[in-house]
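Here is a briefing on one protein chain. Overall figures come first, then selected residues by topic.

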Amino acid sequence: MKTRFALAAAVCGLLAAAAFGQVTPAAGYTPPNDTPTFKVGATIFADYTYNESPTATDSDGNTIHNSSFNVSRAYINVTGSLNHRIAYRVTPDITRETGSGSSLSGSYTFRLKYAYGQFNLDDWTNKGSWVRLGVHQTPFIDYNESIYRYRFQGTTFEDREGLFPSSDAGASLHWNAPGGYGDVHTGFYNGEGYSKAETNNEKAFQIRGSLRPLPLGGALKGLRITGYLDEDHYVQDAKRTRAVGQVTFEHPLVNAGADYVTTKDRTSATKSEVDGKGYTIWATPKFGTTGWEALLRHDEFTPNKGVSSQKRKRDIVGIAYWFQHLQGVQSALMADYDKLDRSSFGLANDTRYGLKLLINF
């Protein structure tokens, strides 16, 4: 914990130095608008999914292929500001109630995904720098989803493998480097994720740093190199660590990325450490400016390198149409194939076909 605090203090010190090194605004500077704002938006993921395998058995004993219409995400985004320094967000999201003793079992219920206050640091350092406190985005997954636009098809590799949560209660700092060369996001979180209560006195230290080597132009303007570390404990002296190295590229004709992940888990001080590894590689080629795109993705994850023959492999192929010229609305429709190969664990493969809808405003 001392090491994590020292590292966080060093990062904060560098950012503070950058902040106070800014030039004082010249005479004639127009003060920012401090009029309070309030906005409401929504995000909806809806789908129809057909399960080719594994098969299931209905209440009459028939062997069937499950299929269903679903809503996997329904955000209500409430955002705004009190002035140019203080902003906020409250976002409830749905989840399926599965408690066997609950009268709502099977129903969609709302739970809190985000609820935070944000103190903007634009007056002292580069625009887009801030401090957040509350239930908010952890440093990696939300950043990654801004490049990988297909969260509505399914979760990203790290999220799907449950390596770390996308949102959690905590405090964090974000700083944008000058000239668009990158950013740093670091903070302390409970570590259990927004859907669970804190279970102990341990806190997760997370930090992501992204470098854009050539932000000013050229063929490699969209290149970014990212490193991420999540250091936590299950209990005292039982570490849980995740590290990610990532390369992404954004271009009008294609977005692409590759992640390599390592994990270390020691669930108790009396148990041995288990090391895991995995990777994902994906691309979303675009067919000109027509709105049509493809999604090609392959994931592999080995939970225990000591049993290297046991791997989960996933292949995703999809074709999507992004509706054009919608003022303030992002909308897409996608047909996809999603296969999870888990045969090395003695389990049947999970193969699905789906039709997915995104609406965001």
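## Charge and overall build

The mean positions of the 38 positive and 36 negative charges of the protein chain lie 3 Å apart. Lys and Arg count as positive, Asp and Glu as negative, while His and the chain ends are not counted. Each charge is placed at NZ of Lys, CZ of Arg, CG of Asp or CD of Glu.

This is a predicted model: local features need pLDDT of at least 70, side-chain atom pairs count only at pLDDT 80 or more, and totals for chains, interfaces and linings use all residues. Residues are numbered from 1 along each chain as its sequence is written, and side-chain values use heavy atoms, with hydrogens and water left out.

**Fold and size**

- The protein chain has 3 helices and 18 strands. Both are DSSP runs numbered from the N terminus: helices are H or I with at least four residues, strands are E with at least two.
- The radius of gyration is 22 Å, close to the 21 Å that the globule rule gives for 361 residues, so the protein chain is as compact as a globular protein of that length. The radius is taken over C-alpha atoms, and the rule is 2.2 Å times the number of residues to the power 0.38.
- The C-alpha trace spans about 80 × 55 × 50 Å along its principal axes.

**Surface and contacts**

- Of the 361 residues, 39% count as buried. Buried means under 20% relative accessible area, exposed means over 50%, and partly exposed lies in between (1.4 Å probe, protein chains only).
- The accessible surface comes to about 18600 Å², and carbon and sulfur atoms hold 59% of that. The areas come from the Shrake-Rupley method with a 1.4 Å probe; for residues, only the protein chains shown count as cover.
- Take the contacts with a separation of 6 or more: residues 24 or more positions apart account for 53% of them. Contact means heavy atoms within 4.5 Å.

- Thr-91 sits in strand S5 (residues 86–96). Thr-91 is buried, at a relative accessible area of 0%.
- Beyond four places in sequence, Thr-91 is in contact with Tyr-75, Ile-76, Asn-77, Arg-111, Leu-112, Lys-113 and Tyr-114.
- Asp-232 belongs to strand S11 (residues 223–235). Asp-232 is buried, at a relative accessible area of 2%. Its side chain makes a polar contact of 2.5 Å with the side chain of Arg-240.

**Arg-160 and its surroundings**

- Arg-160 is placed in helix H3 (residues 157–160). Its relative accessibility is 23%, so Arg-160 counts as partly exposed.
- The side chains of Arg-160 and Asp-338 make a polar contact at 2.9 Å.
- Contacts of Arg-160 beyond four places in sequence include Arg-297, Arg-314 and Ile-316.
- Arg-160 and Met-334 are 174 residues apart in sequence, with 19 Å between their C-alpha atoms.

**Backbone features in loops**

- Ser-53 and Pro-54 are joined by a cis peptide bond, with omega about -5°. Pro-54 lies in the loop between strand S1 (37–53) and strand S2 (56–57).
- Asp-237 has a positive phi of about 65° although it is not a glycine. Asp-237 lies in the loop between S11 and strand S12 (238–251). Asp-237 is exposed, with a relative accessible area of 53%.
- His-325 has a positive phi near 60° and is likewise a residue other than glycine. Its loop runs between strand S16 (312–322) and strand S17 (330–341). His-325 is exposed, at 82% relative accessible area.

**Partly exposed strand residues**

- Ile-64 is in strand S3 (residues 63–64). Ile-64 is partly exposed, at 28% relative accessible area.
- Ile-64 touches Thr-55, Ala-56, Thr-57 and Asp-58, leaving out residues up to four places away in sequence. Ile-64 and Pro-54 are 10 residues apart in sequence and 9.3 Å apart, C-alpha to C-alpha.
- Tyr-50 is in strand S1. Tyr-50 counts as partly exposed, at 31% relative accessibility.
- Tyr-50 and Tyr-353 are 303 residues apart in sequence, yet 5.2 Å apart in space, C-alpha to C-alpha. Tyr-50 touches Tyr-353, and also residues including His-65 and Thr-351.

Key. Polar contact = N/O pair within 3.5 Å; in protein donor to acceptor, adjacent residues only side chain to side chain.
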